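Good morning, and thank you for joining this meeting. Please look at the sequence and the structure as I bring them up.

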2 protein chains.
Amino acid sequence: MSNQNKEYTEIINIIENKRWDKLKYSLADMHAAEIVDIIRILDNDKNKSILFRLLSTEKAAYVFSELDSNEQESLIYSMNDNELKDLIHEMSPDDRISLLEELPSDITKKIFSLMKETDLNITRQLLGYPEDSVGRIMTPEYIDVNPDFTIKQTLEYIREFGKDSETFEVIYVVGKNDILLGYILLKDLLFAKNEEETIKDLMHTDIIYLSVYSDQEEAVKVGRKYDLLYIPVVDSKNALIGIVTIDDIFDIAEEEDTEDFHKLGAISVDDDFSGNIKQASVFTLYKKRIMWLFILVFINIISGYFIGLFTETISKYVSLIFFLPLLIDSAGNAGAQSSTLIIRSLSIGYVKKSDWLFMLGKEILISAALGLTMGLTVSLLAIFRGGLTIAFVVSLSMILVVIIGSLIGLCLPFIFVKLKKDPTTSSVPLVTSICDISGTSIYLFLATVILSKFGG
Amino acid sequence: MSNQNKEYTEIINIIENKRWDKLKYSLADMHAAEIVDIIRILDNDKNKSILFRLLSTEKAAYVFSELDSNEQESLIYSMNDNELKDLIHEMSPDDRISLLEELPSDITKKIFSLMKETDLNITRQLLGYPEDSVGRIMTPEYIDVNPDFTIKQTLEYIREFGKDSETFEVIYVVGKNDILLGYILLKDLLFAKNEEETIKDLMHTDIIYLSVYSDQEEAVKVGRKYDLLYIPVVDSKNALIGIVTIDDIFDIAEEEDTEDFHKLGAISVDDDFSGNIKQASVFTLYKKRIMWLFILVFINIISGYFIGLFTETISKYVSLIFFLPLLIDSAGNAGAQSSTLIIRSLSIGYVKKSDWLFMLGKEILISAALGLTMGLTVSLLAIFRGGLTIAFVVSLSMILVVIIGSLIGLCLPFIFVKLKKDPTTSSVPLVTSICDISGTSIYLFLATVILSKFGG
């Protein structure tokens, strides 16, 4: 793997010198994912399309499905109808769906018109399932057998009809109307002592499956929990209609985690943005950031308003200002910590919506311990800088600020869940800004009250 | 899947009523991952161990490897030597390694003494690879064949020696000294026209592999890129010594993402903490948070120090305070955004270390656009609140603060990479706190300079 960059440079040289015969030879030994890299590096559209035509149809289909939609679009324009037809036919049904979802409508129409009858039926059916549902990522390329088959019959059946299946490791057992009954492993077939035994006798019934209408997030949760490489998909009548493979689930999990990272960093999220900031345009990245910066302005103006209420105290005891960033930020930092912990736990499934009261109780204990430690620490600093009374104000504020910041960080994600929104909407900057308001107010309020009594 | 909670309640009832015969029957149909759930719900150690003994050895091994180390420990204490011996033998080699890594040394010693000779050899070998290396998660249970084998011989070989293999989908082809030459799919064997063809003629050579010494992160990257369900692992002489399956890689990816989330939220990370905050103790969670809260205190004291330099300006123009939270936080928010984007891109591999200059150039453009928009917005607010001169100070500060905050957020992760640290160490709270210092200083410095000339 370490020689990859060198290898890429060689290939690029071959292409730039137009040595197509040598290129074809080199491409045969390369993995499709590496060819995708090469296509990305090339800046000449014509070279891209020549390289693409030199691939075997099977490899071409794989390479094509890995490209971004604008790259796919420009390749489609360089193909004639027959080439496009073969390519579309060779793609797996789930890849075909993602292609159709992303292309402009005139190209989708053209593709539909070129599609073979069987492909068309499968595609129409998959497109009927809601966006982000399991139906959109499943493939109908699996093997299913009848429980009354013997092992011998099953092996023959696989040889005859299994050619397009994505897996041979698992064979699904279905009853009348394709109702999913269980599964059998190829292992069981290969190592069975008696070829006349029936599937019924050998099949496993501890089967895990997904509903075709489930959200893809559900597929990720099931994939994580059960360590399966293939998960069968059933319709509302429990009939087997597809399988989902773990590599697709892995991709979805990665996209979801990227989305969560971005949301947590107060970056707007949409389906067109993969997170590749090297390729994204300056304008795209501007758009993804400006909204939240804007919203947070208004929250901070509230903060400013609260400070404004206490200008009298501040101008009387200017040394209070010295501790302002410390107290504001400690509230925000404690809030950032608790919100990050709870958001990740909610998304993995460690914590459920209904756990909010338990988690709140726990957070009160944790934040009290954190607040006391922090309060004690800053009291030492504050004595030197502002004297005993200021030290008292600062430590007491620190304790309260850490507790309240932590609780805001914990509760905000639960509130978003309650409002049927993604808990990750409570980003770290949002939590921080809200905590800042409470930090500022608590500190200046306590200062005003305490100093007006004991201060001087 | 929706009836899962109901099903669990039933099983718990059966256990609490000690109806063991019925339990055994119910367990047979349940997936191992669900049995793990049940064991977790049970609070009686004796019931746990009875339930565990009712499982088939194969299922028991799987259930066992999914449990946390303290749960494993208490089950081990309830087993006699023979039971433990069978269990250890049935576990897959990579699961055995993670068990041995986490148990106290007296139990590991006992397990070593009970292990069968062949298991012992494999285990000793895997333990020889560095922690977090691919060697620790690979399994030696794969099938490899000679390129001179015919298809018929290969199928016979699989039937005879493949029993323990984790996959039949892919069969690896090795030459002299086990040098990895390529692979062949079971599909190719099943659908070959002529059983006398040799593997050499059919094998694929576009093979992707991992080095046994590579970091597990490398396995995640390769797994993401190539969409493979199994990746072969070679030693320094290119000899095939194991395979890694995608479900293990998926688990590692998830753990890494959880770690990244926590680091980004300024929470300390170590191997003992899975991120399950519902199960973790108050003290554990306290420990994970106090360190960063503490470190950030010192950064905020610098912030306070800078404010202290400008007390004269502040007491003269108290309305400046109104905009302080806004400017401080906008710097921090812009920094949080750019650091989140760059950190995720570095971890997925969209951006490389060497891209820093390109990304810096891009960020200057983006942040300038963001800064100008924000500056314009707040200028309108500031005119109402503080008059023209203050509005000028505030807008100019806003522009600079957003640009500098964004650049700090971009550069800090690269600096950590340069120092050979994880870029995620530059957490959002750390970036925010550092941005706050610059935000405060820029604002108050500009205010002092401009107001001393034009102010009043």
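Helices and strands, as I use the words, are DSSP runs numbered from the N terminus: a helix is H or I with at least four residues, and a strand is E with at least two. The model is a predicted one, in which local features need pLDDT of at least 70 and side-chain atom pairs count only at pLDDT 80 or more, while totals for chains, interfaces and linings use all residues. Residues are numbered from 1 along each chain as its sequence is written, chains are lettered from A and ligands numbered from 1 in the order in which they are written, and side-chain values use heavy atoms, with hydrogens and water left out.

I begin with chain A. Its domain assignment, which is automatic or from a database, gives domain 1 (4–128), domain 2 (144–246) and domain 3 (282–454). The centres of domain 1 and domain 2 of chain A, taken over C-alpha atoms, are separated by 31 Å.

An unreviewed UniProt entry annotates residues 138–202 and 203–259 of chain A as "domain: CBS"; such annotations may be inferred rather than shown by experiment. Residues 138–202 of chain A are 31% helix and 20% strand, with end C-alpha atoms 26 Å apart. For residues 203–259 of chain A, the figures are 44% helix and 23% strand, and the end C-alpha atoms lie 40 Å apart.

The unreviewed entry also carries the annotation "transmembrane region", including residues 364–384 and 390–416 of chain A. Residues 364–384 of chain A are 100% helix, with 30 Å between the end C-alpha atoms. Residues 390–416 of chain A are likewise 100% helix, and their end C-alpha atoms are 38 Å apart.

Let us turn to chain B.

Strand 1 and strand 2 (residues 170–174) of chain B pair in the parallel sense over two bridges, and D144(B) has Y172(B) as its bridge partner. Strand 2 and strand 3 of chain B run antiparallel, joined by five bridges; here I171(B) is partnered with I184(B). These two strands of chain B form a hairpin with five residues between them, and N177(B) in the turn has a positive phi of about 55°.

Key
Pairing = 2+ DSSP bridges.
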